[in-house]
Amino acid sequence: MPIHASPNGWVLETRHTAYAFGLNQAGLLTHRYWGARLPYLADYPAPFDPVHWASTDGFHHFVPEEYPAYGGVKYIDPCLKATFADEVRDVVLGYEDFSVKDSPTPELAVRLRDSYYPLRVTLHYRVHEAYDLIERWVTLENLGADPILVERVFSAKWTMPHGDGYSLTHMYGRWSDEFNLQRETLTPGLKIIESRRIIPSHRAVPWFSVDKNADEDHGDVWFGTLAWSGNFKITAEVTEFASTRVSIGLNDWDFAWQLKPNEPLVTPPAFSGYTPHGFGAASRILHDYVRDELLPHGRVLHKILYNSWEATLFNVDETSQAHLAEIAANMGVELFVMDDGWFHNRNWDNAGLGDWFPDQVKFPHGLGGLIQRVNDLGMDFGLWVEPEMVNPDSDLYRAHPDWAIHFPTRARTESRNQLILNMARADVQEYIIAALDKILSGNNIAFIKWDMNRPASEPGWQDAPGDPRELWVRYVYGLYRVWGELRRRHPQVIWQSCSSGGGRPDFGILQFADQVWVSDNTEATKRLSIQEGFSQFMPAITMEAWVTDWGKELVPLEFRFHVSMCGSLGVGGNLLEWDQAERQLGSDCIQLYKAIRHIIQFGDQYRLLAPQKHAYSAVQYVSKDKGESVLFVFRTHIPDPFNFPVLHLRGLEPGTLYTVEGFEQPRSGAAWMEAGLKVELKNLQSKVLRIKQVS
Ligand code: DGJ
C-alpha cells in the first residue's frame, strides 16, 4: 500500500519517488519531502515548525504550507481565497481528519475546515504507483446555509526541496506557432503562466517542469500538468527565504464561484512527478500514463488518415471527396476524413455553424452515398464538426440568439465570423448532444474531428444560477458532459481534439479525444519544433500529423513524410495534384509507417537532438520490449562544411546485439548508446533507420 499515515503525517510512495506532508507543532499542514523514495518511513523529514522571524513577514515565507488559504499574515501566493456571507475575507484552515481508499487506485483524502465558518476543504491525493505520478485535486463544501464566494481555488501547490536557483520550463506560442519551449531561472517573486480565453490556448500550456541543471538524460526534474481544458494558472514563486513553490489550478482571473450548501465544487486534477533522470524521463512517465490510463482507446493503433481541408477547403461534395478518397485508398490510407464545409449553408466561414445537418445542395441525399463509397474503398469514414460554435448567419442563431455568450449591452465580437455557444447552459448541451447523436446514429462514422476556432469575449451569462463568472468553469464542465455523453452512446468512435491547431491540448480533453491536432502549421521544418514541444507531455500516439503541400517548393516530400511519421501519420495534401511519382513515394512511406507505427505509437520516445536548438535533429522510438527501435534524423539548413554530431542511441539493452539499417556490423546496445553513430545528410534530407535486436 503506497499511502502511509504516521504521527508525522502522510507519506505517499510510488515505485521510485515519495511525497510527504504532515501537521507541524502548530497544527499547520506543511510539506515535508518530494524526491527519491527512501528506505524507511522514518527517513522522511518531519514537518517544518514555525519560526519567528520579524514583524514584516509571516512564517509562511519559509514554512511551506501544503495548501495555504489567504488569511492572517500570509503574503505568499495562496491556493484558496474566499469571502464569507458577512464579508469576512480571511480563511483559517485547521485539520479535521483523513481517510484512505485502497482501490481501484490508492487515494488519500485529508479534510480541513475553517475555524469559524462552515467551509470544508478536502485535499485529495491519488497515488499512481507504477507511473511515479501523484494526482491531486480539491473539493470545497459549504456546510452552512449562506453562500460563500470563492475567488480562487487551485488544485495543488508543489514545493521543491528547500533552496533557490531552480529553472522553470514552460511553453508559449501563438496560432500556427505552438509549443515553443522556454527555460528560465526562477528568481525571487512570482512567475505566472495562464490562459484567459476559455481554452488553454496557443499562448500557454497547462504544463511545467522545474529542474536544477538537468538535461534530457540526467538531473532532477519535478514536473506537472493540469487536466483542464479551460482557463488555468500556474504560479511559480520563490520567496525571500529561498523557498520555491509551484501552484496549478483554475485561473482566478475574472473568476468567482458561489459555493452553495450541498453543491460541492470539485477542481480539475493536477498530475505531478519527480525523476532524477532528466527531461526525457519526465516526458516518458507522462506518455505512459496518457496511453495506459487516460486515452479512451490507448491500446489501439491509430489508422493513417487523409483529411480534405487543405485540398478542398469548404468546397466539399460527394464527387470531389470521392475522387480524393480513391487516390488516398490506393496509397494505403485507412481512414478518410471530410473536414469543414459539409453542413447546411456552409460555403465559407461566415455561415452554417450550429446547423448540423448535411447541406442540401452539396449532399442532396445525405452523407450516406459518400460514406458508402469510402467504405467500399476499404476505408473508415470521419467527419469534422465544431459544436461549441454558432455563426450569426445560421438557423440556430436566428432561433436562439440568447444561447451565445454575450453581455446584452455590448457588441458581440465575432471572430472568424462566429460566436461561442454557452456550453454551461443545459439547453445548449442538450441541443448539441441531440444534433451530433443524430449524425452518428444515422451514419457509419468511425472518427470525429472536434474543432473549436475562437477564444471567448464579452463573457456574460444573464441567467446564471450562481455568479456569472462561474462561466469559465461551468463551460468546460458542460463541454465534458456533452462529449462524455456522446462517447457513452458511441464508444467505438475515435475523436480528435482540434482548436485552430493546438489551442486545446491537455489531459482533460484526452478523457474524450484519442488525438490532438497540434498545429495548423503543417510546414515540415517548423513542425519539427512544434512536435518537440508537444512531446514534452504528450505521447506520439496522440499527435496527429499530416503530410501537406505546405513548403513543397523547398522541402522534399520524403522529408515531409518522415516528419509526420514521428506521430500518428496522416495525409492532408491535395492528392489531385500529386503526380504518379509522388503518389508512389507516399504509398512507400505509408507502407513503411505501417511496419513501424507500433514502435512509434506504443514505444518509448527519446529526443536525441532537439530541433528547437539544432538544425540537425534526431528522435528515436524504442519498443517496450527493447526488441526493435526506429531512428529519425533530419537536417534542415546548415552551411557546409558541417561536422556531423555523434548520435548516442537510447533505451536499448546494453548487452544485446542490434543491427542499425545502413550499418553493416551488429553492435551491442551499449556500443550504439555509448560510442554512437553518425548519419550524414544533405540539407533538407532526412532518414528513417530501423534498429533490430539480433536474435
Ligand atoms: C481549423 C483547423 O485547425 C483546421 O484543421 C480545419 O479543420 C479548419 N479549422 C476548418 O475550419
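**Trp342 first.** I started with Trp342 in this predicted model and looked up what Trp342 touches, leaving aside residues up to four places away in sequence. My list has Val316, Trp356, Phe357, Pro358, Asp359, Phe363, Leu367, Leu383, Trp384, Val385 and Ile439.

Next I wanted to know which residues have the most contacts inside the largest nonpolar core. Trp342 turned up there, along with Leu80, Val121, Val153, Phe561 and Phe632. I noted 184 residues for that core. Which helix gives the most to this core? I found that it is H7, residues 471-489, with 10 residues. A general reminder to myself: in soluble globular proteins, nonpolar side chains tend to be buried together.

**On to the ligand.** How many residues surround the ligand? I got 14, and the closest are Asp339, Asp340, Lys449, Asp451 and Asp520. Sorting the shell by type, I wrote down six charged, five nonpolar and three polar residues.

For Lys449, one of the closest residues, I noted 2.8 Å between a side-chain N or O atom and a ligand oxygen. Asn453 has a polar side-chain atom 3.4 Å from a nitrogen atom of the ligand. Last, I checked the cover: on its own the ligand has 290 Å² of accessible area, and the protein covers 98% of that.

Methods. Residues are numbered from 1 along each chain as its sequence is written. This is a predicted model: local features need pLDDT of at least 70, side-chain atom pairs count only at pLDDT 80 or more; totals for chains, interfaces and linings use all residues. Side-chain values use heavy atoms; hydrogens and water are left out. A residue is near a molecule or strand if one of its heavy atoms lies within 4 Å of it. A polar contact is a pair of N or O atoms within 3.5 Å; within protein, one must be able to donate a hydrogen and the other to accept it, and residues adjacent in sequence count only if both atoms are side-chain atoms. Accessible areas come from the Shrake-Rupley method with a 1.4 Å probe; for residues, only the protein chains shown count as cover. Ala, Val, Leu, Ile, Met, Phe, Trp, Tyr, Cys and Pro count as nonpolar, Asp, Glu, Lys and Arg as charged, and the others, Gly among them, as polar. A nonpolar core is a set of buried Ala, Val, Leu, Ile, Met, Phe, Trp, Tyr and Cys residues joined through side-chain atoms within 4.5 Å. Buried means under 20% relative accessible area, exposed over 50%, partly exposed in between (1.4 Å probe, protein chains only). Helices (H or I, at least four residues) and strands (E, at least two) are DSSP runs, numbered from the N terminus. Contact means heavy atoms within 4.5 Å.
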